[in-house]
Amino acid sequence: MTVSQYFRLINIHARMLLKVDANTFKLGFLWWFLEPLMWVGVFYVVFNLILDSRKGGDFMVFLTCGKFAFIWFSKTVIQASGSIVASKGLVGKINIPKSVWPMSAIQESLYRQSSVYLLLFVILAFFGIYPDITWLWLVPVLFVMYLMIVAVGLAGAYLVCVVRDFQKFITLGMTFLLFTSGIFWDVRDVGSEEKTQFLLAINPLAFMLDAHRQILMHDTAPAALHLLLIGVGASILIGLMLLLMRRYNHYLALKVIT
Amino acid sequence: MLELKHVSLDYHSSKGTFDHGVHHVLNDVSFKLYENETLGIIGRNGVGKTTSLRIMADILAPTRGDIITRRGATASLLTLGLGFRPDLSGRDNAMLSAVLQGASEREAIGFLEEIKDFSELGDSFEEPVKTYSSGMRSRLGFTTALMTHVDILLIDEVLSVGDAQFKAKAEQAMKERICGEQTVVFVSHSDSQVQNLCDRVIWLDKGSIAAQGDPETVIAQYRESIRTQTRANKKRLADVSTDLKA
C-alpha cells in the first residue's frame, strides 16, 4: 500500500465513521455540540448552584477550556484503542496495515473536535474573551495534542489487541487523568512553584490543558521548549508503534481473529 | 504462482482444550497453485479451509513453514459482507468496500452504479444495511467482492448464499472470471460448483491434506469419508441408547 493510498483510506474511513455516528442517534451530529454543552451545564449546576462557590465566569471558562481539550484526548484514545478488535470481521478478511483502524478513529475525532473548538470560542466570546495574537500559539499546541493522541491511541490499539484487559486499564487510566490533570483544580494553585513544575513535567496532558488556559484566558504563550519535548517524544512513540504494528501485522491479525 | 511448503498454524486457546491449549489449525500442509488454474479446497467445517485462504491472502502468517509467492503477485480474499456497517447505506458500504480493496475514490464512485444494478437492490441501495434481509446483504457482499481485480482470487463460499435466481446470476459472473486467465482458489461446500469450476481439488481434513487431484476422484473420497463417519456416529448413538435403556 502506498502512502497516498494509506492516507486516502484513513480519510474515507473516517468520513464513513462520522456518517455512522450521525446516523446512529436521533439527534445525529448535534451530539458533537450537545455533549460538550452538557458538560458546561453540569459544571454550572455543580460549582455555581450546588456548591455555591461563587467562582464566577472565570471558573466556568477555566473548566470549559480544560474539559473540552480533555474530552478530545480521552474519547479518542479509548475509541482508537478498541478500534482494531472492533473491526475483527474486516481484519480477518483483508490485509491492510493495522494502524489504519486507530488512525481512522483519530481522524474522525479530529473532524468532530474541530466543531467542539468552534463551540469553545463561542463560549469564550459569551464570557467576554475574544481572540488575541497569542491565540496563534494554539496551532502548535493543538498539533502536539494531536501527536499525543496518535501516539497513545496507537499504543493502546496495539496493547488491546495483544491483551484485551488493557481496554479496562485504558478506561480507568482516563478516569485517573480526569482527576489528576488539573481540569477541576488549577495546577498553578497547588502551594508551591516546584510542585507545579513537577506536575507539569510528569503529566504531559496537564501541561497541554494548562497551555490551553494560558493562551485562551491569559494571552500568555506556553513554555515552547516543554511543548517541543512533548512533540518529539510523541513523534518517537508514533514511529515506534508504526514499526511494531508493521513488524507484527500478522500476529495482531491472529490475536484479533482468535 | 504460489506455494505452501510444510505450513502449520497454531494458536493458543483456552487451557484444557485441544492440545494442552494449543489449537493446531493447519498441520504440515504443502501444495502448489499454478497460474490460470482454479484450485478447489473442500472439507468439513473447522478443518482449516478459511485459514489456508487467509495465509494465501497474507492476512495471517504460518507458525511454521514457508509461503512462496511469485514476485509482484497480488491476492485478495473474497468473502461476503466485507465489514458492512449496519448504519451506513448500501451505497456507502459499497464505496468503503471498494476503497478497502484498493480502489481510488474516483474508481469506487464509478463502480457504484454497476454494483447497484448487478445487486438488484434498487432503492434499498440508499437505505441502511441494517434494514436489509440476509439475502440482500449477500447480494451486496457478492457484488462488491466481484469488483476486485487481482492476480490470485481466493473465494470463500461467496456462492453459497442468496436466492436461487441471484445464485445463478452470481455463478455465471464468477464463471466468467474464473474461466478467463484468472488464478483462483475456490472454497465451497457445493460438489457441483467445485466439479464445474475447478481444475484440481484439495481435501482438507483436521488441518492436513487428506487427498488432492482431479475433482471427481477427490470429491468421491471426501463423500465416502462422510458416509463412513455418519455410519460410525449412528452406531455410537445406538450403543449409547442401548446402554441407557439397560
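Chain B has an average pLDDT of 84, and 92% of the residues score at least 70; pLDDT is the predictor's confidence in each residue, from 0 to 100. This is a predicted model, in which local features need pLDDT of at least 70 and side-chain atom pairs count only at pLDDT 80 or more, while totals for chains, interfaces and linings use all residues. Residues are numbered from 1 along each chain as its sequence is written, and chains are lettered from A, with ligands numbered from 1, in the order in which they are written. For the complex, the predictor gives an ipTM of 0.81 and a pTM of 0.88.

**Chain A: fold and dimensions**

- Chain A has 12 helices and 0 strands, where helices (H or I, at least four residues) and strands (E, at least two) are DSSP runs, numbered from the N terminus.
- Along the principal axes, the C-alpha atoms of chain A fill a box of roughly 55 × 45 × 35 Å.
- Of the 258 residues in chain A, 38% are buried (20 or more other C-beta atoms within 10 Å of the residue's own, with C-beta atoms placed from the backbone).
- Among contacts in chain A between residues at least 6 apart in sequence, 81% join residues at least 24 apart; two residues are in contact if their C-beta atoms, placed from the backbone, lie within 7 Å.

**Chain B: sheet**

- In chain B, 3 strands form an open sheet in the order β2-β1-β4, with antiparallel pairing; two strands pair if DSSP finds at least two bridges between them.
- β2 (22-33) and β4 (64-69) of chain B stand at the edges with a single partner strand each, so one side of each has no neighbour in the sheet.
- From one strand to the next, the twist averages 20°, with axes fitted as lines to C-alpha atoms and angles running from 0 to 180 degrees between N-to-C directions.
- Strand β1 (residues 2-12) of chain B is joined to β4(B) by 5 bridges, and the two run antiparallel.
- Opposite Leu4(B) stands Ile67(B) in β4(B).

**Contact between the chains**

- The contact takes 21 residues from chain A and 21 residues from chain B.
- On the side of chain A that touches chain B, the elements that give two or more residues are α1 (3-24), α5 (88-91) and α12 (249-257) of chain A.
- α1(A) gives the most to that side of chain A, with 9 residues.
- The residues on the side of chain A that touches chain B divide into 9 nonpolar, 9 polar and 3 charged; Ala, Val, Leu, Ile, Met, Phe, Trp, Tyr, Cys and Pro count as nonpolar, Asp, Glu, Lys and Arg as charged, and the others, Gly among them, as polar.

Conventions: Buried ≥ 20, exposed ≤ 12 C-beta atoms within 10 Å, placed from the backbone.
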